[in-house]
Amino acid sequence: MICSDPAATIDFYSRVLGFPLVEVFENRDYPGSMHFFFDLGAGNLLAFFDFPGLGLGPAAETLGSLQHLAISVTHDEFVAARTRVEAEGIEYRGPDLGVENSIYLRDPDGIQIELVAVPLMDTHFT
């Protein structure tokens with residue numbers, strides 16, 4: 001994914017959501033651009049680029065774009081992240097339809113993130 005402000009993105013994903021920043025290096029295809037990774041757990045990483053000076057606009061939900069990114073976390077991680085989100089005053093939606101283990105919020109660039117306390121590959125919310 002692409003971000004406009006690496007410091008804000010790193011703060012949001014690592015401090016607020018609780019995903020450790022595990023790697024940062026210069027993008028070899030665009031000098032001056034960073035490529036950085038967060039550990040989402042269960043062997044999964046989330047990667048970002050910044051492209052300073054490229055003049056990209058904010059994220060928008062359009063055909064062919066990312067509608068939202070669902071990230072599976074443990075129940076304890078979910079409760080801790082939701083507590084931090086609330087303490088920061090970040091707006092979120094959810095739980096929806098009586099599902100107590102899912103919230104939706106936007107990252108600093110407007111990308112919709114779903115935190116869901118459901119094990120990977122188990123999308124049955126009953």
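Good morning. Leaving aside neighbours within four places in sequence, asparagine 27 is in contact (heavy atoms within 4.5 Å) with Ser33, Met34, His35, Phe49 and Phe51. The model is a predicted one, in which local features need pLDDT of at least 70, side-chain atom pairs count only at pLDDT 80 or more, and totals for chains, interfaces and linings use all residues. Residues are numbered from 1 along each chain as its sequence is written, and side-chain values use heavy atoms, with hydrogens and water left out.

Asparagine 27 is found in the loop between β2 (21–26) and β3 (34–41); strands are DSSP runs of E, at least two residues, and helices are runs of H or I, at least four, numbered from the N terminus. Asparagine 27 counts as buried because its relative accessibility is 7%; buried means under 20% relative accessible area, exposed over 50%, and partly exposed in between, with a 1.4 Å probe and protein chains only.

I turn now to the aromatic rings. Rings of Phe, Tyr and Trp (its six-membered ring) pair if their centres lie within 6.5 Å; planes under 30 degrees apart count as stacked, over 60 as edge-to-face and the rest as tilted. The count by this rule is nine aromatic pairs. One of them is tilted, joining tyrosine 13 and phenylalanine 48 at 5.0 Å centre to centre, with 50 degrees between the planes. Tyrosine 13 belongs to helix α1 (residues 6–16) and phenylalanine 48 to strand β4, 35 residues apart. Both residues are buried.

Phenylalanine 38 and phenylalanine 48 form an edge-to-face pair, 6.0 Å centre to centre and 85 degrees between the planes.
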